[in-house]
Amino acid sequence: MKTLSLYVMAKDRKKSTVEIRNKKAGFEYEFLEHFTAGIVLNGTEIKSIRAGKASLVDSWCYFVNGELYVKNMNVAEYWWGSAFSRQDPRRDRKLLLTKRELRKLQRAVKEKGLTIVATRLFIADNGYAKLNIALARGKREFDKRDTIKEKDMRREAERN
C-alpha cells in the first residue's frame, strides 16, 4: 500500500517550467544540427538553475582531451548556500554526450567556420539539468538582414 502512495505522489509532481534560452545565438548563427547533453554540476548549482538564475548569453562549447565543455554559462550563486558550497558562476562545465556524438561534433568543429553553441537550458522530466547545443555556422550580415525582414513580415501578418 505504501508503494502505491509513493507512485501517486511521483505521478502528480508538477513539470518543471524552467527554460532558459539563448536568443542571441539564433540571430548570430545558422543551426545545422541539435544535440541534448547532460551537465556536470557542483554543489547548489542545480538549485540556482531550478530557480531560473542562469544565463546562456555568449556561451559556447569547446573540446579538451576528447571531452566537451561549455564556457561562459553563468549560473548565479545560490542565495541560501553556505560559504563552502559556493562555486564560480562562470566556471567551465563538462557536458555529457555519447562517444558517437562527441566524435561527430569533434570532426565537424575541425571544419572551418563551424562552432558549437548552447541554445537552451532546461530541467528534464527526471529532474536533471539538460543543455541543448547546436552545431552552428556564423551568419553573414546579409543573412542577418534577411532574418530581420522575415521576423518583421511575420509580425505584420499576425497583426492583420
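**Reading the fold**

Modeller: Among contacts (heavy atoms within 4.5 Å) between residues at least 6 apart in sequence, 67% join residues at least 24 apart. This is a predicted model, in which local features need pLDDT of at least 70 and side-chain atom pairs count only at pLDDT 80 or more, while totals for chains, interfaces and linings use all residues. Residues are numbered from 1 along each chain as its sequence is written, and side-chain values use heavy atoms, with hydrogens and water left out.

Biologist: How many helices and strands does the protein chain have?

Modeller: There are five helices and nine strands. Helices (H or I, at least four residues) and strands (E, at least two) are DSSP runs, numbered from the N terminus. Along the sequence the pattern reads α-β-α-β-α-β-β-β-β-β-α-β-β-α.

Biologist: Why is Asn132 called buried?

Modeller: Buried means under 20% relative accessible area, exposed over 50%, and partly exposed in between (1.4 Å probe, protein chains only). Asn132 has a relative accessible area of 16%, so Asn132 is buried. Asn132 sits in strand S9 and touches Phe35, Thr36 and Val117, among others. Across the protein chain, buried residues make up 31% of the 160 residues.

Biologist: Why does Asn65 count as exposed?

Modeller: Asn65 counts as exposed because its relative accessibility is 78%. Asn65 is found in the loop between S4 and S5.

Biologist: And why is Asn72 called partly exposed?

Modeller: Asn72 has a relative accessible area of 26%, and is therefore partly exposed. Asn72 lies in the loop between S5 and strand S6 (74-75).

Biologist: What makes a set of residues a nonpolar core?

Modeller: The members are buried Ala, Val, Leu, Ile, Met, Phe, Trp, Tyr and Cys residues joined through side-chain atoms within 4.5 Å. Here the largest such core has 28 residues, and those with the most contacts inside it include Leu68, Leu95 and Ile133. Elements that each supply at least two residues of this core include helix H4 (99-109) and strand S8 (114-123). S8 gives the largest share, five residues.

Biologist: Which residues does Leu95 touch?

Modeller: Not counting residues up to four places away in sequence, Leu95 touches Ala37, Gly38, Ile39, Cys61, Leu68, Tyr69, Val70, Leu131 and Ile133.
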